[in-house]
Amino acid sequence: MEWQPAGARLQFQAALPAKYPRKVSTTPTAPRARFRSQRIARFTESVIREMTRLAVRHGAINLAQGFPDFPAPAALKNAAAEAIDADINQYAITWGAKPFRDAIAAKYQRTYGVEFDTEREITVCCGATEGMIASLLAVLDPGDEVVLFEPFYENYGPDTQLCGATSRYVKLRAPDWSFDRDELRGAFTGRTKAIILNSPNNPTGKVFSREELRYIAELCQEFDCLAITDEIYEHILYDGTIHTPIMSLPGMRDRTILVNSMSKTYSVTGWRVGWVLATPDLTDSIRKVHDLLTVGAAAPLQQAGVLALCLPDDYYDRLSTEYAARRDHLVTSLQGAGFKCFIPQGAYYVMTDISAFGFADDSSFVRHLISHVGVAAVPGSSFFCPFGGRQSICSLLFLQKT
Ligand code: PLP
(Lines give C-alpha, C1' and ligand atoms only; values in the text may rest on other atoms or scores of the structure.)
Protein backbone atom coordinates (compact mmCIF):
# COMPACT_ATOMS: atom_id res chain seq x y z
CA MET A 1 0.00 0.00 0.00
CA GLU A 2 1.32 3.41 -0.91
CA TRP A 3 1.19 6.42 1.32
CA GLN A 4 -1.92 8.49 0.60
CA PRO A 5 -2.59 12.12 1.37
CA ALA A 6 -5.16 12.70 4.14
CA GLY A 7 -7.93 13.60 1.69
CA ALA A 8 -7.61 10.24 -0.05
CA ARG A 9 -7.94 8.18 3.15
CA LEU A 10 -11.74 7.85 3.21
CA GLN A 11 -11.82 6.87 -0.41
CA PHE A 12 -9.21 4.20 0.32
CA GLN A 13 -11.22 2.81 3.25
CA ALA A 14 -14.34 2.54 1.11
CA ALA A 15 -12.39 0.30 -1.23
CA LEU A 16 -11.25 -2.08 1.53
CA PRO A 17 -12.53 -5.66 1.39
CA ALA A 18 -15.22 -6.50 4.01
CA LYS A 19 -12.90 -8.24 6.45
CA TYR A 20 -11.30 -4.89 7.35
CA PRO A 21 -13.25 -2.78 9.87
CA ARG A 22 -14.78 0.17 8.03
CA LYS A 23 -15.94 2.18 10.99
CA VAL A 24 -12.82 4.14 11.67
CA SER A 25 -13.17 7.28 13.74
CA THR A 26 -12.35 10.44 11.82
CA THR A 27 -11.49 12.43 14.94
CA PRO A 28 -7.75 12.37 15.64
CA THR A 29 -8.01 12.03 19.44
CA ALA A 30 -9.74 8.62 19.54
CA PRO A 31 -7.11 6.63 17.64
CA ARG A 32 -4.36 8.46 19.52
CA ALA A 33 -5.76 7.38 22.88
CA ARG A 34 -6.15 3.83 21.57
CA PHE A 35 -2.54 3.69 20.49
CA ARG A 36 -1.07 5.25 23.60
CA SER A 37 0.13 2.52 25.96
CA GLN A 38 -0.96 2.57 29.59
CA ARG A 39 2.74 2.49 30.38
CA ILE A 40 3.33 6.02 29.13
CA ALA A 41 -0.13 7.48 29.79
CA ARG A 42 1.00 9.12 33.01
CA PHE A 43 4.16 10.62 31.54
CA THR A 44 4.24 14.35 31.14
CA GLU A 45 6.48 16.37 28.87
CA SER A 46 9.88 17.14 30.34
CA VAL A 47 9.66 20.52 32.07
CA ILE A 48 13.26 21.16 31.04
CA ARG A 49 12.38 20.79 27.34
CA GLU A 50 9.37 23.06 27.82
CA MET A 51 11.55 25.72 29.49
CA THR A 52 14.08 25.40 26.68
CA ARG A 53 11.35 26.02 24.10
CA LEU A 54 10.15 29.06 26.01
CA ALA A 55 13.75 30.30 26.31
CA VAL A 56 14.18 30.05 22.54
CA ARG A 57 10.90 31.88 21.94
CA HIS A 58 11.92 34.73 24.25
CA GLY A 59 15.59 34.76 23.27
CA ALA A 60 16.47 34.06 26.93
CA ILE A 61 19.81 32.76 28.24
CA ASN A 62 19.13 29.09 28.86
CA LEU A 63 20.26 27.97 32.33
CA ALA A 64 17.78 25.07 32.20
CA GLN A 65 19.42 22.64 29.79
CA GLY A 66 22.27 20.30 30.71
CA PHE A 67 24.83 20.80 27.98
CA PRO A 68 27.89 23.05 27.88
CA ASP A 69 28.13 25.98 25.52
CA PHE A 70 31.91 25.60 25.26
CA PRO A 71 33.85 23.31 22.91
CA ALA A 72 34.76 19.70 23.63
CA PRO A 73 38.52 19.03 24.03
CA ALA A 74 40.25 19.41 20.64
CA ALA A 75 42.19 16.14 21.03
CA LEU A 76 38.93 14.29 21.44
CA LYS A 77 37.32 15.84 18.39
CA ASN A 78 40.42 15.00 16.33
CA ALA A 79 40.35 11.41 17.59
CA ALA A 80 36.70 11.08 16.50
CA ALA A 81 37.46 12.52 13.05
CA GLU A 82 40.46 10.19 12.69
CA ALA A 83 38.35 7.18 13.68
CA ILE A 84 35.80 7.96 10.98
CA ASP A 85 38.58 8.55 8.50
CA ALA A 86 40.11 5.19 9.43
CA ASP A 87 36.74 3.64 8.58
CA ILE A 88 35.70 2.62 12.06
CA ASN A 89 32.20 3.07 10.78
CA GLN A 90 30.45 -0.27 11.25
CA TYR A 91 28.84 -1.84 14.31
CA ALA A 92 31.19 -2.30 17.23
CA ILE A 93 30.74 -5.40 19.39
CA THR A 94 27.30 -4.89 20.88
CA TRP A 95 28.56 -4.55 24.49
CA GLY A 96 31.38 -2.23 23.44
CA ALA A 97 34.58 -2.09 21.40
CA LYS A 98 37.36 -3.96 23.18
CA PRO A 99 39.86 -1.04 23.28
CA PHE A 100 37.20 1.18 24.86
CA ARG A 101 36.24 -1.42 27.48
CA ASP A 102 39.93 -1.88 28.27
CA ALA A 103 40.31 1.89 28.71
CA ILE A 104 37.27 2.00 31.02
CA ALA A 105 38.66 -0.83 33.16
CA ALA A 106 42.10 0.80 33.33
CA LYS A 107 40.60 4.13 34.43
CA TYR A 108 38.58 2.59 37.28
CA GLN A 109 41.64 0.67 38.40
CA ARG A 110 43.73 3.84 38.33
CA THR A 111 41.15 6.13 39.96
CA TYR A 112 39.37 3.95 42.52
CA GLY A 113 41.41 0.75 42.70
CA VAL A 114 38.40 -1.32 41.53
CA GLU A 115 39.12 -4.08 38.97
CA PHE A 116 36.70 -5.11 36.20
CA ASP A 117 36.75 -8.08 33.86
CA THR A 118 36.51 -6.32 30.51
CA GLU A 119 34.93 -9.38 28.87
CA ARG A 120 32.18 -9.98 31.41
CA GLU A 121 31.57 -6.87 33.51
CA ILE A 122 31.37 -3.87 31.16
CA THR A 123 28.56 -2.86 28.82
CA VAL A 124 29.03 0.19 26.62
CA CYS A 125 25.71 1.85 25.86
CA CYS A 126 24.16 5.01 24.42
CA GLY A 127 24.77 7.35 27.32
CA ALA A 128 23.91 6.97 30.99
CA THR A 129 20.28 7.35 29.93
CA GLU A 130 20.30 4.01 28.16
CA GLY A 131 22.56 2.50 30.84
CA MET A 132 20.01 3.29 33.55
CA ILE A 133 16.89 2.08 31.74
CA ALA A 134 18.66 -1.05 30.46
CA SER A 135 19.81 -1.84 34.02
CA LEU A 136 16.37 -1.30 35.51
CA LEU A 137 14.66 -3.38 32.81
CA ALA A 138 17.22 -6.11 33.42
CA VAL A 139 16.61 -6.39 37.17
CA LEU A 140 13.08 -5.16 37.97
CA ASP A 141 9.77 -7.00 37.77
CA PRO A 142 6.30 -5.48 38.07
CA GLY A 143 5.51 -5.11 41.75
CA ASP A 144 9.12 -4.52 42.79
CA GLU A 145 9.95 -1.36 44.70
CA VAL A 146 12.77 1.10 44.12
CA VAL A 147 13.98 3.67 46.66
CA LEU A 148 14.70 7.15 45.28
CA PHE A 149 16.09 10.20 47.02
CA GLU A 150 13.93 13.25 46.33
CA PRO A 151 14.54 15.69 44.63
CA PHE A 152 15.83 13.45 41.84
CA TYR A 153 16.94 13.57 38.21
CA GLU A 154 13.72 13.52 36.25
CA ASN A 155 14.26 10.24 34.35
CA TYR A 156 14.33 7.92 37.35
CA GLY A 157 10.59 8.07 38.10
CA PRO A 158 9.42 7.25 34.53
CA ASP A 159 12.24 4.69 34.14
CA THR A 160 10.94 2.84 37.19
CA GLN A 161 7.36 3.07 35.94
CA LEU A 162 8.35 1.65 32.55
CA CYS A 163 9.48 -1.48 34.42
CA GLY A 164 6.15 -1.72 36.24
CA ALA A 165 7.91 -1.08 39.54
CA THR A 166 6.93 1.40 42.26
CA SER A 167 9.11 4.22 43.58
CA ARG A 168 9.42 5.03 47.28
CA TYR A 169 10.74 8.50 47.97
CA VAL A 170 13.09 9.63 50.71
CA LYS A 171 13.61 13.34 51.26
CA LEU A 172 16.94 15.11 50.93
CA ARG A 173 16.57 18.17 53.14
CA ALA A 174 18.03 21.62 52.48
CA PRO A 175 20.32 23.34 53.23
CA ASP A 176 22.82 20.43 53.20
CA TRP A 177 20.49 17.91 51.51
CA SER A 178 21.00 15.36 54.29
CA PHE A 179 18.55 12.50 54.79
CA ASP A 180 16.98 11.03 57.87
CA ARG A 181 18.38 7.55 58.45
CA ASP A 182 15.14 6.23 59.95
CA GLU A 183 13.13 7.57 57.03
CA LEU A 184 15.51 5.83 54.63
CA ARG A 185 15.36 2.57 56.54
CA GLY A 186 11.53 2.84 56.61
CA ALA A 187 11.46 3.06 52.80
CA PHE A 188 13.01 -0.41 52.45
CA THR A 189 10.49 -3.26 52.49
CA GLY A 190 10.43 -6.92 51.54
CA ARG A 191 9.60 -5.81 47.98
CA THR A 192 12.55 -3.42 47.58
CA LYS A 193 14.84 -4.55 44.76
CA ALA A 194 17.09 -1.50 44.43
CA ILE A 195 17.97 2.00 45.49
CA ILE A 196 18.92 4.52 42.79
CA LEU A 197 21.74 6.75 43.93
CA ASN A 198 23.03 9.78 42.05
CA SER A 199 26.18 11.32 43.48
CA PRO A 200 27.31 14.03 42.76
CA ASN A 201 23.62 14.77 42.60
CA ASN A 202 21.40 16.42 40.04
CA PRO A 203 19.76 18.76 41.06
CA THR A 204 21.01 19.42 44.62
CA GLY A 205 24.78 19.32 44.03
CA LYS A 206 25.05 17.01 47.04
CA VAL A 207 27.99 14.59 47.15
CA PHE A 208 27.09 11.67 49.43
CA SER A 209 29.69 11.27 52.18
CA ARG A 210 31.46 8.00 52.89
CA GLU A 211 29.45 7.63 56.11
CA GLU A 212 26.16 8.12 54.29
CA LEU A 213 27.21 5.62 51.63
CA ARG A 214 28.21 3.12 54.32
CA TYR A 215 24.73 3.35 55.84
CA ILE A 216 23.09 2.88 52.42
CA ALA A 217 25.40 -0.08 51.78
CA GLU A 218 24.35 -1.66 55.09
CA LEU A 219 20.68 -1.34 54.14
CA CYS A 220 21.34 -2.86 50.69
CA GLN A 221 22.94 -5.86 52.38
CA GLU A 222 20.32 -6.19 55.10
CA PHE A 223 17.41 -6.04 52.62
CA ASP A 224 19.24 -7.96 49.87
CA CYS A 225 18.99 -5.05 47.40
CA LEU A 226 21.06 -3.51 44.63
CA ALA A 227 22.47 0.01 44.54
CA ILE A 228 22.09 1.37 41.00
CA THR A 229 24.35 4.40 40.86
CA ASP A 230 24.47 7.23 38.37
CA GLU A 231 27.97 8.70 38.68
CA ILE A 232 27.91 10.93 35.64
CA TYR A 233 29.22 13.96 37.60
CA GLU A 234 32.05 12.04 39.32
CA HIS A 235 34.69 14.52 38.13
CA ILE A 236 32.79 17.76 38.75
CA LEU A 237 33.62 18.37 42.41
CA TYR A 238 34.24 21.51 44.48
CA ASP A 239 36.09 22.65 47.59
CA GLY A 240 38.11 19.45 47.95
CA THR A 241 35.04 17.18 48.05
CA ILE A 242 35.80 13.54 47.22
CA HIS A 243 33.58 11.19 45.24
CA THR A 244 33.38 7.59 46.46
CA PRO A 245 31.69 4.98 44.28
CA ILE A 246 29.50 2.93 46.62
CA MET A 247 30.71 -0.12 44.70
CA SER A 248 34.15 0.34 46.31
CA LEU A 249 32.75 -0.11 49.84
CA PRO A 250 32.92 -3.50 51.58
CA GLY A 251 30.14 -5.88 50.55
CA MET A 252 29.00 -3.73 47.58
CA ARG A 253 31.10 -5.01 44.67
CA ASP A 254 28.51 -7.64 43.74
CA ARG A 255 25.41 -5.62 44.58
CA THR A 256 26.10 -2.37 42.70
CA ILE A 257 25.33 -1.47 39.11
CA LEU A 258 27.45 1.55 38.24
CA VAL A 259 26.18 3.75 35.38
CA ASN A 260 28.35 6.47 33.87
CA SER A 261 29.03 8.22 30.58
CA MET A 262 31.31 10.50 28.60
CA SER A 263 28.64 13.21 28.38
CA LYS A 264 29.56 15.48 31.27
CA THR A 265 33.19 14.60 32.01
CA TYR A 266 34.34 15.22 28.44
CA SER A 267 31.68 17.81 27.43
CA VAL A 268 30.24 15.59 24.68
CA THR A 269 26.57 15.17 25.61
CA GLY A 270 25.65 14.64 21.95
CA TRP A 271 27.98 11.67 21.44
CA ARG A 272 25.74 9.34 23.43
CA VAL A 273 28.45 7.05 24.79
CA GLY A 274 28.13 5.59 28.29
CA TRP A 275 28.82 2.39 30.20
CA VAL A 276 27.46 0.08 32.88
CA LEU A 277 29.71 -1.84 35.28
CA ALA A 278 28.37 -4.84 37.18
CA THR A 279 29.17 -8.45 38.08
CA PRO A 280 28.98 -10.98 35.23
CA ASP A 281 25.49 -12.28 36.14
CA LEU A 282 24.01 -8.76 36.20
CA THR A 283 25.97 -7.74 33.10
CA ASP A 284 24.62 -10.75 31.23
CA SER A 285 21.03 -9.53 31.81
CA ILE A 286 21.89 -5.87 31.10
CA ARG A 287 23.59 -6.78 27.81
CA LYS A 288 20.47 -8.62 26.63
CA VAL A 289 18.32 -5.52 27.15
CA HIS A 290 21.00 -3.23 25.70
CA ASP A 291 21.28 -5.35 22.54
CA LEU A 292 17.54 -5.13 21.97
CA LEU A 293 17.29 -1.44 22.73
CA THR A 294 20.15 -0.03 20.70
CA VAL A 295 22.55 -2.77 19.48
CA GLY A 296 25.44 -0.51 20.39
CA ALA A 297 26.92 2.94 20.81
CA ALA A 298 28.59 4.81 17.93
CA ALA A 299 31.74 2.90 16.96
CA PRO A 300 34.03 5.83 15.99
CA LEU A 301 33.08 7.70 19.16
CA GLN A 302 34.00 4.69 21.29
CA GLN A 303 37.37 4.76 19.57
CA ALA A 304 37.76 8.44 20.48
CA GLY A 305 36.64 7.50 23.99
CA VAL A 306 39.84 5.47 24.41
CA LEU A 307 41.80 8.72 24.23
CA ALA A 308 39.36 10.43 26.62
CA LEU A 309 39.61 7.78 29.31
CA CYS A 310 43.41 7.86 29.12
CA LEU A 311 43.63 11.64 29.72
CA PRO A 312 45.95 12.52 32.62
CA ASP A 313 44.66 13.58 36.05
CA ASP A 314 45.23 17.27 35.39
CA TYR A 315 42.41 17.16 32.79
CA TYR A 316 39.96 16.34 35.60
CA ASP A 317 41.51 18.91 37.96
CA ARG A 318 41.08 21.59 35.31
CA LEU A 319 37.47 20.54 34.65
CA SER A 320 36.57 21.02 38.34
CA THR A 321 38.52 24.28 38.61
CA GLU A 322 36.77 25.77 35.58
CA TYR A 323 33.34 24.70 36.80
CA ALA A 324 34.13 26.09 40.27
CA ALA A 325 34.77 29.51 38.70
CA ARG A 326 31.42 29.30 36.87
CA ARG A 327 29.66 28.21 40.07
CA ASP A 328 31.12 31.11 42.04
CA HIS A 329 30.23 33.59 39.31
CA LEU A 330 26.61 32.40 39.14
CA VAL A 331 26.15 32.14 42.91
CA THR A 332 27.52 35.66 43.45
CA SER A 333 25.23 37.05 40.73
CA LEU A 334 22.19 35.22 42.09
CA GLN A 335 22.86 36.33 45.66
CA GLY A 336 23.24 39.89 44.41
CA ALA A 337 19.80 39.58 42.80
CA GLY A 338 18.22 38.40 46.08
CA PHE A 339 18.26 34.61 45.63
CA LYS A 340 19.10 32.34 48.55
CA CYS A 341 21.52 29.76 47.10
CA PHE A 342 22.37 26.27 48.35
CA ILE A 343 26.04 25.97 47.42
CA PRO A 344 26.67 22.75 45.45
CA GLN A 345 29.56 20.40 46.37
CA GLY A 346 29.49 18.83 42.91
CA ALA A 347 27.67 18.65 39.53
CA TYR A 348 26.70 21.92 37.84
CA TYR A 349 23.39 23.02 39.33
CA VAL A 350 22.60 25.70 41.85
CA MET A 351 19.41 25.15 43.83
CA THR A 352 17.88 28.39 44.98
CA ASP A 353 15.14 29.31 47.43
CA ILE A 354 12.76 31.66 45.63
CA SER A 355 10.18 32.12 48.39
CA ALA A 356 11.26 35.73 48.97
CA PHE A 357 10.07 36.74 45.49
CA GLY A 358 6.40 36.22 46.36
CA PHE A 359 5.31 34.10 43.37
CA ALA A 360 2.47 31.57 43.71
CA ASP A 361 4.72 28.71 42.65
CA ASP A 362 8.01 27.78 41.03
CA SER A 363 6.62 27.43 37.49
CA SER A 364 5.10 30.91 37.40
CA PHE A 365 8.35 32.29 38.81
CA VAL A 366 10.41 30.61 36.08
CA ARG A 367 8.01 31.72 33.34
CA HIS A 368 8.38 35.27 34.64
CA LEU A 369 12.16 34.89 34.72
CA ILE A 370 12.17 33.79 31.08
CA SER A 371 9.81 36.38 29.68
CA HIS A 372 10.78 39.43 31.79
CA VAL A 373 14.41 38.88 32.80
CA GLY A 374 15.60 36.81 29.84
CA VAL A 375 16.96 33.83 31.83
CA ALA A 376 15.57 30.27 31.82
CA ALA A 377 15.79 28.02 34.91
CA VAL A 378 14.22 24.71 35.95
CA PRO A 379 11.21 24.86 38.29
CA GLY A 380 11.92 22.78 41.41
CA SER A 381 8.70 20.75 41.13
CA SER A 382 10.11 18.83 38.16
CA PHE A 383 12.52 17.06 40.56
CA PHE A 384 9.81 15.72 42.86
CA CYS A 385 7.50 12.71 42.68
CA PRO A 386 4.71 13.09 40.12
CA PHE A 387 2.70 16.16 40.78
CA GLY A 388 5.30 17.41 43.25
CA GLY A 389 3.03 20.39 43.86
CA ARG A 390 4.20 23.90 44.46
CA GLN A 391 7.82 24.33 45.25
CA SER A 392 9.69 27.37 46.42
CA ILE A 393 12.91 26.30 44.75
CA CYS A 394 14.33 26.52 41.29
CA SER A 395 17.55 25.25 39.81
CA LEU A 396 19.99 27.02 37.49
CA LEU A 397 22.82 25.44 35.54
CA PHE A 398 26.27 26.92 35.12
CA LEU A 399 27.40 25.64 31.78
CA GLN A 400 28.03 28.93 30.08
CA LYS A 401 31.39 30.36 29.16
CA THR A 402 32.49 32.70 31.92
N1 PLP B 1 22.09 11.27 34.70
C2 PLP B 1 22.04 12.50 35.23
C3 PLP B 1 22.03 12.64 36.72
C4 PLP B 1 21.99 13.63 34.41
O5 PLP B 1 21.94 14.84 34.96
C6 PLP B 1 21.97 13.47 33.01
C7 PLP B 1 21.88 14.62 32.10
O8 PLP B 1 21.61 15.73 32.48
C9 PLP B 1 22.04 12.17 32.50
C10 PLP B 1 22.09 11.09 33.36
C11 PLP B 1 22.05 11.91 31.03
O12 PLP B 1 23.26 11.29 30.71
P13 PLP B 1 23.67 10.85 29.23
O14 PLP B 1 23.87 12.08 28.43
O15 PLP B 1 24.95 10.10 29.42
O16 PLP B 1 22.57 10.00 28.73
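Reply: Let's start with a pair of residues. F342 stands opposite M351, which is in strand 10. Keep in mind that this is a predicted model.

Me: OK. How do strand 9 and strand 10 pair, and over how many bridges?
Reply: They pair in the antiparallel sense, over three bridges. Strand 10 covers residues 349-353.

Me: What order do the four strands of the open sheet have?
Reply: The order is 9-10-13-12. The pairing is antiparallel.

Me: Which are the edge strands?
Reply: Strand 9, at 340-342, and strand 12, at 378-379. Each of them pairs on one side only.

Me: Switching to helices. At what angle do the axes of helix 5 and helix 12 cross?
Reply: At roughly 140°, and the axes come within 8 Å. Helix 5 is residues 74-85, and helix 12 is residues 299-309.

Me: What does that make them to each other?
Reply: Oblique. The cut-off for roughly antiparallel is over 145 degrees, so helix 5 and helix 12 count as oblique.

Me: Is the crossing left-handed or right-handed?
Reply: Helix 5 passes helix 12 in a right-handed crossing.

Me: Which residues in helix 5 and helix 12 meet?
Reply: From helix 5, A75, L76, A79, A80, A83 and I84. From helix 12, P300, L301, Q303, A304, L307 and A308.

Me: Now helix 4 and helix 14. At what angle do they pack?
Reply: About 25°, with their axes 9 Å apart. Helix 4 runs over residues 47-58 and helix 14 over residues 362-373. Angles under 35 degrees count as roughly parallel, so helix 4 is roughly parallel to helix 14. Helix 4 passes helix 14 in a right-handed crossing.

Me: Which residues make that contact?
Reply: Helix 4 brings E50, M51, L54, A55 and H58. Helix 14 brings V366, R367, I370 and S371. By class, the contact of helix 4 with helix 14 has five nonpolar, two polar and two charged residues.

Me: Last topic. Where does S267 lie?
Reply: In the loop between strand 7 (256-261) and strand 8 (274-277).

Me: Does S267 count as buried or exposed?
Reply: Buried, because its relative accessibility is 11% and the cut-off is under 20%.

Me: What does S267 touch?
Reply: P68, F70, A72 and M262, leaving out residues up to four places away in sequence.

Methods: Residues are numbered from 1 along each chain as its sequence is written. This is a predicted model: local features need pLDDT of at least 70, side-chain atom pairs count only at pLDDT 80 or more; totals for chains, interfaces and linings use all residues. Side-chain values use heavy atoms; hydrogens and water are left out. Two strands pair if DSSP finds at least two bridges between them. Helices (H or I, at least four residues) and strands (E, at least two) are DSSP runs, numbered from the N terminus. Axes are lines fitted to C-alpha atoms, for helices over the stretch in contact, and angles run from 0 to 180 degrees between N-to-C directions. Angles under 35 degrees count as roughly parallel, over 145 as roughly antiparallel, 65 to 115 as roughly perpendicular and the rest as oblique. A crossing is left-handed if the near helix is turned anticlockwise from the far one by less than a right angle, and right-handed if clockwise. Contact means heavy atoms within 4.5 Å. Ala, Val, Leu, Ile, Met, Phe, Trp, Tyr, Cys and Pro count as nonpolar, Asp, Glu, Lys and Arg as charged, and the others, Gly among them, as polar. Buried means under 20% relative accessible area, exposed over 50%, partly exposed in between (1.4 Å probe, protein chains only).
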